[in-house]
Amino acid sequence: MIVKTVNFVKSSGKWQECPEPTIPEYAFIGRSNVGKSSLINAIMNHKDLAKTSQTPGKTQLINHFLVNENWYLTDLPGYGYAKVSKSLRKDFEKLITNYILNRKNLVNLFVLVDIRHTPQKIDLEFMEWCGENGVPFSIVFTKQDKLKPGAADRNVEVYKTKLLETWEDLPDIYITSAEKKMGGDEILKFIEKTNAYLVKNKVKFS
């Protein structure tokens with residue numbers, strides 16, 4: 001897929017305020033320091049599309065971007081240890097879960113994981129929650145450039161082994177680097193293929 005146009009649509013504090021669910025939507029989510037904004041900017045080939053920050057938890061709203069006039073890319077608030085109050089963190093969690101469970105046109109959730117770390121409980125629990133609620137998702141490993149190739153591959157295999165303790169089948173897995181602009185093309189190919197399937201089968205969301 002060639003990204004010809006990408007435009008910010010709106011930020012929403014409630015899932016009910018999101019744009020009308022008439023076209024396919026693909027959301028990106030992960031722990032609050034996983035490099036989500038940098039990856040979105042790299043995939044869209046746009047330097048300042050999603051706002052990056054040295055402070056975890058910068059994204060506090062549901063941000064919608066219209067890509068090629070026919071699908072939405074959604075930047076969701078991060079989960080985990082953002083430096084916010086417990087009450088505000090609960091508000092974030094409620095915002096995220098309500099969006100994921102109620103957004104009719106959400107086709108796939110890209111769950112971002114820092115490739116440098118061993119499987120984290122919070123990520124595994126979030127994926128388990130997605131599975132229990134029938135939410136289609138893919139795993140996107142970020143920051144591949146921070147490790148040597150062999151170490152990155154080993155970490156992915158460790159993750160797969162851990163997941164197979166509770167999952168019969170693994171979701172799609174992508175290995176990315178915002179710095180090297182690696183892995184974004186594979187994600188866009190998946191979106192392009194999925195959108196073509198939806199068109200061919202005349203899938204309507206509203």
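Q: What counts as a helix or a strand in this predicted model?
A: A helix is a DSSP run of H or I with at least four residues, and a strand is a run of E with at least two. By that rule the protein has 5 helices and 7 strands.

Q: What pattern does the protein follow along the sequence?
A: The pattern reads β-β-α-β-β-α-β-α-β-α-β-α.

Q: What share of the contacts in the protein, between residues at least 6 apart in sequence, joins residues at least 24 apart?
A: A contact requires heavy atoms within 4.5 Å. Of the contacts between residues at least 6 apart in sequence, 77% join residues at least 24 apart.

Q: Why is histidine 64 called buried?
A: Buried means under 20% relative accessible area. Histidine 64 has 0%, so this residue is buried. Histidine 64 belongs to strand S3, residues 62–67.

Q: What makes the pairing of the side chains of histidine 64 and threonine 74 a polar contact?
A: The limit for a pair of N or O atoms is 3.5 Å, with one able to donate a hydrogen and the other to accept it. The two side chains make such a contact at 3.4 Å. Threonine 74 is also among the residues that histidine 64 touches, as are Phe8, Cys18, Tyr99 and Arg103.

Q: Why is asparagine 68 called buried?
A: The cut-off is again under 20%. Asparagine 68 has a relative accessible area of 19%, and is therefore buried. This residue is in the loop between S3 and strand S4 (71–75).

Q: Which residues is asparagine 68 in contact with, leaving aside neighbours within four places in sequence?
A: They are Met1, Ile2, Val3, Lys4 and Thr5. With lysine 4, a polar atom of the asparagine 68 side chain lies 2.7 Å from the backbone nitrogen.

Q: What part of the protein's residues is buried?
A: Buried residues make up 48% of the 206. The accessible surface comes to about 11,200 Å², and carbon and sulfur atoms account for 49% of that area.

Q: How many positive and negative side chains does the protein have?
A: Lys and Arg count as positive, Asp and Glu as negative. There are 30 positive and 24 negative side chains, and the centres of the two sets lie 5 Å apart.

Definitions and conventions:
Residues are numbered from 1 along each chain as its sequence is written. This is a predicted model: local features need pLDDT of at least 70, side-chain atom pairs count only at pLDDT 80 or more; totals for chains, interfaces and linings use all residues. Side-chain values use heavy atoms; hydrogens and water are left out. Buried means under 20% relative accessible area, exposed over 50%, partly exposed in between (1.4 Å probe, protein chains only). Accessible areas come from the Shrake-Rupley method with a 1.4 Å probe; for residues, only the protein chains shown count as cover. The place of a charge is taken as NZ of Lys, CZ of Arg, CG of Asp or CD of Glu.
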